[in-house]
Amino acid sequence: FLTPYVAMAYQRGWNRLQSSPHWKPLEKFANDPMRLELGFGTDVNSTGREDIRQICKHLGLNFRCVGDGTQKRIMALKLDIIRERKKAEELALEAPRAVAGFYRGALNALPETEKYRVNALFVQFYGGERAWSLGEAYAPEALQAEEQERKEKRRKTGEEPSDSDSEDMEELLGRFSNVQQGS
């Protein structure tokens with residue numbers, strides 16, 4: 001009878017979490033693609049650490065507590081981005097030279113704020129693993145639903161669904177003609 005209520009005794013309400021002094025720094029950290037860690041000093045007590053834990057869960061961040069007693073600290077982390085960067089680097093080392101070159105070229109061409117997306121896309125679409133930092137829109141189920149929707153649309157318009165774009169390419173190439181260069 002009391003067990004479910006005991007488990008919820010320490011759950012903070014949404015308003016309580018938003019009014020916490022830790023909400024704004026964590027929200028700013030969550031929206032900053034350049035930062036992967038946010039440390040809080042030893043001055044944060046157990047109540048503050050619990051607020052930080054619950055805010056991290058709401059914002060999709062990870063956290064880690066280290067130390068004991070008065071030296072205990074909590075740190076917010078973006079482990080998905082850290083893992084995906086490492087995995088992308090490992091994949092690039094094992095990939096064919098052209099693939100690795102394309103990946104590195106994309107990394108070099110884009111600003112620092114977008115590099116985490118290149119890593120995540122490379123891990124998901126080349127490595128075949130779920131890239132959690134991309135969010136729900138890139139979940140395999142969402143991508144399959146999108147593909148199914150495209151196939152349904154083709155059926156309604158009378159187009160035959162194909163596994164490749166070769167027919168589309170042939171149709172496009174048939175629309176262009178060579179132009180002779182003037183002497």
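Glu50 and Arg53 both belong to helix α4, 3 residues apart, which is about one turn of the helix, where helices are DSSP runs of H or I with at least four residues, strands are runs of E with at least two, and numbering starts from the N terminus. The side chains of Glu50 and Arg53 form a salt bridge at 3.0 Å, N to O, the term requiring a side-chain nitrogen of Lys or Arg within 4 Å of a carboxyl oxygen of Asp or Glu. This is a predicted model, in which local features need pLDDT of at least 70 and side-chain atom pairs count only at pLDDT 80 or more, while totals for chains, interfaces and linings use all residues. Residues are numbered from 1 along each chain as its sequence is written, and side-chain values use heavy atoms, with hydrogens and water left out.

Across the whole structure, 9 salt bridges are found. In one of them Arg16 pairs with Asp51, with 3.5 Å between the closest N and O atoms; this pair links distant parts of the chain, Arg16 lying in helix α2 (residues 14-18) and Asp51 in helix α4 (residues 46-59), 35 residues apart. Asp51 is buried at 5% relative accessibility, whereas Arg16 is partly exposed at 39% (buried means under 20% relative accessible area, exposed over 50%, partly exposed in between, with a 1.4 Å probe and protein chains only).

Leu77 is part of strand β3 (residues 73-77) and is buried, its relative accessible area being 2%. Beyond its neighbours within four places in sequence, Leu77 has contacts (heavy atoms within 4.5 Å) with residues including Phe29, Leu36 and Phe63.
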